[in-house]
Amino acid sequence: MSNNYDITTPEVANSGGINSSVVILNEFRERSKDGGDVANISTTAATNGAAQRRKICLIAKLQCLFFTMKIFGLLYEEYNTNHPSNIVRGRWICTLMKRVYQFFVLLVLWFNVGRVFASFWLDEKLLSTDYSQAAAVLLWSLQTALQASICVYTMQITSKKSPLKSLLLYWNSQPNFDELVVEPFMVQCVTRTLIITYLFMAINAVFYGLVLFYPSESMLYLARAFLSPFPLDNMTLKILFFVISAYCTAVWVLPFAIFTAVCLTLIHQCRSLRKTLRLTASASEVRRVKTLRQQHSSLCGSVRKVDDLFKFVTLVVYVTNIPLVCFLFYRLIFVKNNDATTYVIMSFWSLVVLFAMVSVSFLGAHLNSKSHSFTEVVQKVQIANVDLDTHTELMLFVAKLNGDPVAITAGGLVPITKPLIVTVTGVVITYFTLLY
């Protein structure tokens, strides 16, 4: 690992202000009080070093996703000043170039939004032929530009105020890191989501190329929406906008890859913790409730950190995808001059937009459901022979479960829960009916 990813420095671990180094020191003191040998300290230090390497390894295995984001200008690195001056100077220039490239990508994406918006006034044929396709392209361009801007602010590793760095630091500083983040399962989720992401990007590139370069009357309506107000017969412009479409596609799907992998990891851990709690419900193991409550509190803290990372992305998804899916389905169903290729392309885009919105909704709602699924198990705990401290822990656990919802939100305003899915479905149906 490069020194640029120095996120293993002990910091404030969670909302309770626990520092990982303090926790380790307390463990040493408790073991010494129990009559443990001094040699246990070196053994514990070695174990902690191995755990620290596992934490670093987790960040390293996420580089396959971070590398793709850096290629498309969604992630950048700052130079490290803990090097000789000549190396620092070279790193500073490299960082500056990466930063300039990142803002250049943002400028191009927002230029694309302005181009589509201006075409409503500069190209009379666009609205006279098919306004729904023009509106869909405008919404898609706006969504990609907004998501890229959000990623520049949130999905950084080295920025001091980065929610992504805050999430990684939180995981890295938890005493129960191995229980909080199951590394093999998370790496498996990242690998699978990346495969799906790359497959979608390849298919979308093929379809976009067909729209721009395939000589079909039906394709010309789509090409006009993607190129307007520029002329349709300029090959240089077609190649340029094909490259821009690749960046738009990457910005569109890469944040969802991170969102999916993180949510699936936390859902998996909620299931494992609930299973452990169910086995602990017997009187012989009920004293472990304190440890399990702390682990659940760590999971809730992870959900809050993930919400800080994705709350604006989810808000953009709902605000743009609800009208976008309506326009795409309208274009697919009610426009009669489509050929077979156009139907396939429009169906693919409609299903992808719908799938993205449904995935965000169900993953967020499922995570919320699993985070609060411990109530029934806690209520079955046998408390006849427990001491006062254990009883207090159980009461605190129940109060936490019955408190504010632990969920990812849309813009920090609306928690993504199962009732929200019903609401969004009703909004889509109503909007589509009014559009028709």
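Colleague: What should I know about the model before we start?

Modeller: It is a predicted model, where local features need pLDDT of at least 70, side-chain atom pairs count only at pLDDT 80 or more, and totals for chains, interfaces and linings use all residues. Residues are numbered from 1 along each chain as its sequence is written, and side-chain values use heavy atoms, with hydrogens and water left out.

Colleague: Great. At what angle do H6 and H10 cross?

Modeller: The axes of H6 (residues 131-154) and H10 (residues 217-227) cross at roughly 40° and come within 9 Å. Helices here are DSSP runs of H or I with at least four residues, numbered from the N terminus. Axes are lines fitted to C-alpha atoms over the stretch in contact, with angles from 0 to 180 degrees between N-to-C directions.

Colleague: And which residues meet there?

Modeller: From H6, Gln133, Ala134, Val137 and Trp140 meet Leu222, Ala225 and Phe226 of H10; contact means heavy atoms within 4.5 Å.

Colleague: Okay, and cysteine 151 and cysteine 248, buried or exposed?

Modeller: Cysteine 151 is buried at 0% relative accessible area, and cysteine 248 is buried too, at 1%.

Colleague: Back to H6. How far apart are leucine 139 and asparagine 321?

Modeller: In sequence they are 182 residues apart, while C-alpha to C-alpha they are 7.9 Å apart in space. Leucine 139 lies in H6, and asparagine 321 lies in H12 (residues 289-334).

Colleague: What does leucine 139 touch?

Modeller: Not counting residues up to four places away in sequence, leucine 139 touches Thr320, Pro323, Leu324 and Phe327. Its relative accessibility is 15%, so leucine 139 counts as buried.

Colleague: And which residues is asparagine 321 in contact with?

Modeller: With neighbours within four places in sequence left aside, asparagine 321 is in contact with Gln143, Val316, Val353, Ala356 and Met357. Asparagine 321 counts as buried, at 0% relative accessibility.

How values were computed: Helix = DSSP H or I, 4+ residues; strand = E, 2+ residues; numbered from the N terminus. Buried < 20%, exposed > 50% of the residue type's maximum accessible area, 1.4 Å probe, protein only.
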